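Here are a few friendly notes to go with the structure below.

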Amino acid sequence: MPDVTVAIIGSGFGGIGMAASLIRAGLTDVVLLERAADLGGTWRDNSYPGAACDVPSHLYCFSFAPNPDWSRSFSPQPEIWRYLRRVAAEEGVTGKIRFGAEVTSARWDPAARLWRVETTRSTLTARFLISAAGPLSDPLIPELPGLGTFAGTVFHSAAWNHDHDLAGRNVAVIGTGASAIQFVPRIQPLAGRLTVFQRTPGWIMPRHDRQISRLERWLFRHLPVTQQIARAGIYCGREAYALGFVKDPAIMGAAQAMALRQLHRQVADADLRGRLTPSYRMGCKRVLLSNDYYPALTQPNVSLVTDGITEIREKSVLTSDGTAHQVDTLIFGTGFHVTDFPVARRIFGPDGVSLADRWSAHVTQPAQTAFRGTTTAGFPNLFVLTGPNTGLGHSSQVFMIEAQIRYVLGALVHAGRLAVDRIEVRPEAQAAYDRVVQRKMRRTVWVTGGCKSWYLDSDGRNVALWPDFTWVYARQTRRFDPSNYSLTADTGAAYPAASQPR
Ligand SMILES: Cc1cc2nc3c(=O)[nH]c(=O)nc-3n(C[C@H](O)[C@H](O)[C@H](O)COP(=O)(O)OP(=O)(O)OC[C@H]3O[C@@H](n4cnc5c(N)ncnc54)[C@H](O)[C@@H]3O)c2cc1C
């Protein structure tokens, strides 16, 4: 018998939501393995100044745990982190988390039909393993020549050094993505000099953020239907964006015009404006929202550098034009390991092959695919939340996570009902699913938009994003579909697909 029925890696939105749903369904034999000392994932780690969600809060939360008290349309990080801690406590999840337990390996034992999981704290066996290790949880610092020789302070935006006072400093920010555009306006007034190193400009739309009034909050609390209506309205509005992302990228032209109007309004200098104007179609890279990033760049203590970085020296950053930019603090806003999926290097199937190697073994299957973004042939009883092609460019990731949670829950309930102790997706189902995903992908802005983004793997395949409306994914994952799986009863007998009850 395994030590535990379900082991979950991670305690962000995915881990907490999964555990809460299992507990609500009566499957309480669950443990969450979390490498950090607290829960919250993204919203624990990204505490940089100005950190906030960029999908409205009333959609960027669990449908089963609405929060009438969101203070703003795009709530700040401390509030989202507090929300996650509250939900985990109320749903009975907190007590099931083992903190400081980094999963170093998980190996499928085919004889015992269970996962043997090693963590930095202990080992355990689990019948089912659910990875909720996060799509953006391992910060990426580029390998810049000479970085090790830098004598000043260095940190990544996802591990902000709050003890380092930026007042009067010569600060370099490397990267101009979704995090940098949030913290640059906050640190600009503090820094003595701020040099922002940009590789490719992003499309930046106005951010329609506002305080949520006391009346609205009262209504949301006392008339919950008003909050459901607000959430539904935001959801539909966001789905309309999907038209431009995945159906007809030409539609993005109207939004591009709006972004350019903001750029013209906020940046008077034609040269700076030129360097901030993207040359690819909007949506190809993550669309950014800000009202104060461009104004921050126009301040006298700020320079925008677009020449490539060639070397880091003891006290400077050298660029391809030969300039040495003097700095004493280096802040990386360079994003995360996404397409290389770090946890996949630690999960091993029955033949000892890691999930990462399986996903890169082009001979047996196309790179990095998972049926419904969740299950992979050769890895029985493993479910990956925010797996391949489940990310979004236009709406709430929590919506996708909840759809996956429903699907996984359906699988576990099905297994429990039939006394099944081994579930493995059929390779042909996985391959057919991937063919449809990649066919849809061909017309999306991520493929046709003329940019190179972190959504693409080393072969140029978009393995990160879902190429359709989110409701299509929710419909596909609404019910567990046993005919796509091979199931083995705990007596060792296999269920023929045709006889599996639906
Ligand atoms: C700054 C920022 C802003 C964002 N804003 C939005 C937004 O507005 N809207 C949106 O839809 N999405 C946003 N995202 C994406 C966000 O990551 C997801 O929405 C969501 O939070 C992912 O939740 P998760 O539980 O899957 O992963 P995470 O929140 O990353 O949690 C993963 C957890 O797993 C743990 N873990 C990882 N590996 C191991 C291991 N080997 N062993 C043990 N524990 C491990 C980590 O410590 C972490 O606690 C944002 C991301 C970032 C970085």
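1. Start with Asp481, which sits in the loop between helix H14 (470-476) and strand E20 (485-489). Helices (H or I, at least four residues) and strands (E, at least two) are DSSP runs, numbered from the N terminus. This is a predicted model, where local features need pLDDT of at least 70, side-chain atom pairs count only at pLDDT 80 or more, and totals for chains, interfaces and linings use all residues. Residues are numbered from 1 along each chain as its sequence is written, and side-chain values use heavy atoms, with hydrogens and water left out.

2. Is Asp481 buried or exposed? Its relative accessibility is 8%, so Asp481 counts as buried (under 20% relative accessible area, with a 1.4 Å probe and protein chains only).

3. Leaving aside residues up to four places away in sequence, Asp481 touches Phe371, Arg372 and Tyr407 (heavy atoms within 4.5 Å). With Tyr407, the side chain of Asp481 makes a polar contact of 2.5 Å (a pair of N or O atoms within 3.5 Å, where one must be able to donate a hydrogen and the other to accept it).

4. Now look for the one disulfide (cysteine sulfur atoms within 2.5 Å). Cys284 and Cys451 form it, with their sulfurs 2.0 Å apart. The torsion about their S-S bond is about -90°, so the disulfide is left-handed. Cys284 lies in the loop between helix H8 (270-275) and strand E11 (288-289), and Cys451 in the loop between helix H13 (445-448) and H14, so the pair ties together parts 167 residues apart in sequence. Both cysteines are buried.

5. Cys53 is buried, at 3% relative accessible area, and Cys61 counts as buried at 2% relative accessibility.

Methods:
Buried means under 20% relative accessible area, exposed over 50%, partly exposed in between (1.4 Å probe, protein chains only).
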